[in-house]
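Trainee: I am new to this structure. Could you walk me through a few of its features?

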Amino acid sequence: MKITKIEDLHAASGIGHFSFLKITTDAGLVGWAEFNEGSGSAALSGIIRAIGEQLIGKDPLPVQRIATQLYQQTVQAPGGMNQRANAALEMALWDIKAKSLGVPVYELFGGAMRDRVQVYWSHCGSYRMVAGEKMGVKTVRTLDDIVALGAEVKARGFKGLKTNCFHLIDGKLSRQMQGYGHQAGHAALNLERHTLDGIVATLGAFREGAGAAMNLHLDSNYHFKSEGYIRIARAIEPFDMTWLEMDMWDAQALADIRRKSPVPIASMESIVGRRAYRQFLERSAADFAIVDLLWNGWSESLKIASMVESFEVSCAPHNYHGHLSSAISAHFCAVVPNIKVMEIDIDGPPWRDELFTTPITFENGELIIPTGPGWGMDVNEAAVRKYAAQ
């Protein structure tokens, strides 16, 4: 079997676009992966094409050898966009490998230890705040809207939700995005009173609507410095948080926040490679280690999870893309022992389900792990063309 073609395909998502990698073989087998050109990766498709060109004409089945060679060839510019490109190529190759044997990917790694995984509704309120109309749902503007959304999450059977930091000014909520350079204050990253008020009020409204049993998560991203995160942690203690999530590059600073925080800390979603994770684990910097499959790649993510477990820490997949990404993350949860919970975006464009050949299914707040060959899901190319990203 030989690789004959490597293509990238893109469909509109309502707030950006979904991106997919297709690897075709002369045996008729096709491997799929999902990647993301947001989050500072606007040129990723070009990098995937440049790195992947060398795979044309090669046997796709020795995946570990290929993945290792891709890493070695980019070792002088490790992590970042190169690693995301390598990860996409590797994911599609595992899909081909498993399909060639007629088994799910998780069977290649000892089989599934679970057939379902608890998920939390991510970006709860955030997407509806900025793109509610595009997603065909009511736009979130007020605390009453948050209460109603919390009740909806509960009614639909989910056991957990994660929201983001919102400003509260004159009774209106707006999303906090200074850490990504989209608002004033992006250089200093100071926590303003109206933002802290918005965070506290939002969590109170979610707790009111969703009830005492709902697992609440707050993602504060890159928006603040250490003192801001500590103030947030202390302010949200009354809401019985599952975790406060943040992104930091300094392991010692994160460890200091964790020591001062009355709520559990989750982090590391942007960290790439087990060598980078090690300094955070050695300093006991977080209660939960978040791992992004699409950024690290399958093999490296399994190695990270194993190392994390040796420090008695649980993993949680970082997953905020399309259904193929969710299927890949679900396979990870199937084989990794130390899983806490899996992230998933429930809100999305009305056409999202059309982009995939197999639906994502839930039962009692748990995602049913796909059981078909490969990732158990292919991309519907006709639908991607229909909703092509502009």
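Trainee: Is His-223 buried or exposed?

Mentor: Buried means under 20% relative accessible area, exposed over 50%, and partly exposed in between, using a 1.4 Å probe and protein chains only. His-223 has a relative accessible area of 1%, so His-223 is buried. Keep in mind that this is a predicted model, where local features need pLDDT of at least 70, side-chain atom pairs count only at pLDDT 80 or more, and totals for chains, interfaces and linings use all residues. Residues are numbered from 1 along each chain as its sequence is written, and side-chain values use heavy atoms, leaving out hydrogens and water.

Trainee: Which residues does His-223 touch?

Mentor: Contact means heavy atoms within 4.5 Å. Not counting residues up to four places away in sequence, His-223 touches Gln-176, Met-177, Gln-178, Gly-179, Tyr-180, Leu-189 and Tyr-229. A polar atom of the His-223 side chain lies 2.9 Å from the backbone nitrogen of Gly-179.

Trainee: At what angle do helix 2 and helix 3 pack?

Mentor: Axes are lines fitted to C-alpha atoms, for helices over the stretch in contact, and angles run from 0 to 180 degrees between N-to-C directions. Helices are DSSP runs of H or I with at least four residues, and strands are E runs of at least two, numbered from the N terminus. Helix 2 (residues 63-73) and helix 3 (residues 80-101) pack at about 170°, with axes 10 Å apart. Angles over 145 degrees count as roughly antiparallel, and therefore these two helices, helix 2 and helix 3, are roughly antiparallel.

Trainee: Which strands does helix 3 lie across?

Mentor: Helix 3 lies across strand 1, strand 2 and strand 3.

Technical notes
Angles under 35 degrees count as roughly parallel, over 145 as roughly antiparallel, 65 to 115 as roughly perpendicular and the rest as oblique. A polar contact is a pair of N or O atoms within 3.5 Å; within protein, one must be able to donate a hydrogen and the other to accept it, and residues adjacent in sequence count only if both atoms are side-chain atoms.
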